[in-house]
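User: I would like to learn how to read some features of a structure. Please take them one at a time.

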Amino acid sequence: MYLNTSVQFSLRVTFVSARGPGCNFTASERLHPLPLAGGAYVLTELAHPVPNGVPLRPRPNQRHIRVSTRTPLGRCSVSWQVPAQWKVSSHVGTTRSGQRVLLLDITKGVVCKLNQVGSLVWLAISSNPGGNTAEGIATLLQSQFAHVARAQLAMDTNEFLNKLEQMRLVQRLP
Amino acid sequence: MNYQHPAIEELASTTVFLNPFPIETAKPSEQVDWRVRKIKEFIDNRNGVTGSDFDEICGQLNLHISGTYAAQVFKESIGIGWREYAARYRVATAAERLKTTSNSVKEIAAELGYRRPQDLARGFKKAYRMSPTDYRHLYHLLEVMLPIEEQSPIAVRSSPTRDQ
């Protein structure tokens with residue numbers, strides 16, 4: 001992995017365990033494109049980012065981790081964003097009609113229908129009791145729609161999750 | 001499957017499951033013309049399957065008025081035309097059968113005199129903004145999530161404001 005140390009950049013990684021010992025991170029396969037020219041630095045420890053020998057231990061509910069470290073070519077600042085876990089709100093019931101998901105919000109007394117892609121997103125959230133991340137959902141969509149750009153899937157997923165959150169159909173795990 | 005942006009559509013309120021025939025008469029029931037009451041009874045007894053000749057219906061009921069005049073009086077009393085009333089009653093009957101029987105949509109459409117199941121689906125979509133199949137699925141989900149009280153599902157109520 002090559003990294004220009006002269007710029008501060010944002011790196012999205014898959015969060016494996018927030019509370020477990022060691023708190024390993026695995027680098028996402030899709031990083032922001034980074035310039036390779038001049039002052040490029042080989043960052044070899046992305047799979048186990050242990051800057052200066054100190055393991056990263058995010059606190060519970062911590063969403064951002066920023067680490068500054070010295071490299072042979074200067075100071076490097078790396079930030080990780082811990083992705084939110086999404087889960088279905090407890091007052092929402094789900095049923096399926098063909099390939100579509102139907103939702104019933106008991107508190108508001110309304111019924112909703114998702115389109116096919118929306119249904120896939122919903123199933124990705126509801127099939128995992130611990131919730132799912134936007135990144136995980138986008139990965140699932142990518143397996144179904146290989147011809148669609150990953151960035152597009154990620155953006156659509158985020159927008160859709162925000163809309164569902166506004167409607168109180170899903171919530172972020174604390 | 002083609003990719004499309006994930007989307008959600010709000011279909012309806014859950015009241016469509018509890019009261020699929022939310023008609024409120026324009027006049028309190030005691031002020032409704034006796035002929036209108038007879039027409040309404042006729043439509044209700046036939047689950048909204050009435051045919052299209054209103055003159056003939058008025059003749060069968062011995063109302064001694066023309067179909068045109070009867071239609072006018074009906075609309076004044078009930079608030080909607082008799083055809084619309086019959087169509088809604090028929091769809092509401094279909095909704096009841098979707099809830100209480102395991103008959104297929106095709107069978108229910110045939111029982112209620114629809115020429116094709118698509119005609120029932122069209123009426124259903126207009127009344128409840130969802131397909132008959134979705135209605136059945138959602139009703140069963142609602143049953144699981146909430147205990148539903150037994151009630152007369154397609155009773156016509158009088159307007160509360162005019163009752164006073």
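User: In which order do the 3 strands of the open sheet in chain A lie, and is the pairing parallel or antiparallel?

Analyst: Strands (E, at least two residues) and helices (H or I, at least four residues) are DSSP runs, numbered from the N terminus. Two strands pair if DSSP finds at least two bridges between them. Here the order in chain A is 12-8-13, with antiparallel pairing. Strand 12 (132–133) and strand 13 (170–172) of chain A are the edge strands, each pairing on one side only. This is a predicted model, in which local features need pLDDT of at least 70, side-chain atom pairs count only at pLDDT 80 or more, and totals for chains, interfaces and linings use all residues. Residues are numbered from 1 along each chain as its sequence is written, chains are lettered from A and ligands numbered from 1 in the order in which they are written, and side-chain values use heavy atoms, with hydrogens and water left out.

User: How many bridges join strand 8 to strand 13 of chain A?

Analyst: There are 3 bridges between strand 8 (residues 85–88) and strand 13 of chain A. Trp86(A) stands opposite Arg172(A) in strand 13 of chain A.

User: Which helix packs on the sheet?

Analyst: Contact means heavy atoms within 4.5 Å. Axes are lines fitted to C-alpha atoms, for helices over the stretch in contact, and angles run from 0 to 180 degrees between N-to-C directions. Helix 3 (residues 150–166) of chain A touches strand 8 and strand 13 of chain A, and its direction makes about 105° with that of strand 13 of chain A.

User: What does chain B contain in helices and strands?

Analyst: Chain B has 9 helices and 3 strands. Along the sequence, the pattern of chain B is β-α-β-α-α-α-α-α-α-α-β-α.

User: Is Ala94(B) buried or exposed?

Analyst: Buried means under 20% relative accessible area, exposed over 50%, and partly exposed in between (1.4 Å probe, protein chains only). Ala94(B) counts as buried because its relative accessibility is 0%. Ala94(B) lies in helix 5 of chain B. Leaving out residues up to four places away in sequence, Ala94(B) touches Ile108(B), Leu112(B), Leu120(B) and Phe124(B). Of the 164 residues of chain B, 45% count as buried.

User: How do the residues lining the largest pocket divide into nonpolar, polar and charged?

Analyst: Ala, Val, Leu, Ile, Met, Phe, Trp, Tyr, Cys and Pro count as nonpolar, Asp, Glu, Lys and Arg as charged, and the others, Gly among them, as polar. On a 1 Å grid over the protein atoms alone, a pocket is an open set of points where a 1.4 Å probe fits, with protein on both sides within 12 Å along at least five of seven lines; lining residues have an atom within 4 Å of a point. The lining here divides into 7 nonpolar, 6 polar and 8 charged residues. Helix 5 of chain B gives the most to this lining, with 8 residues.
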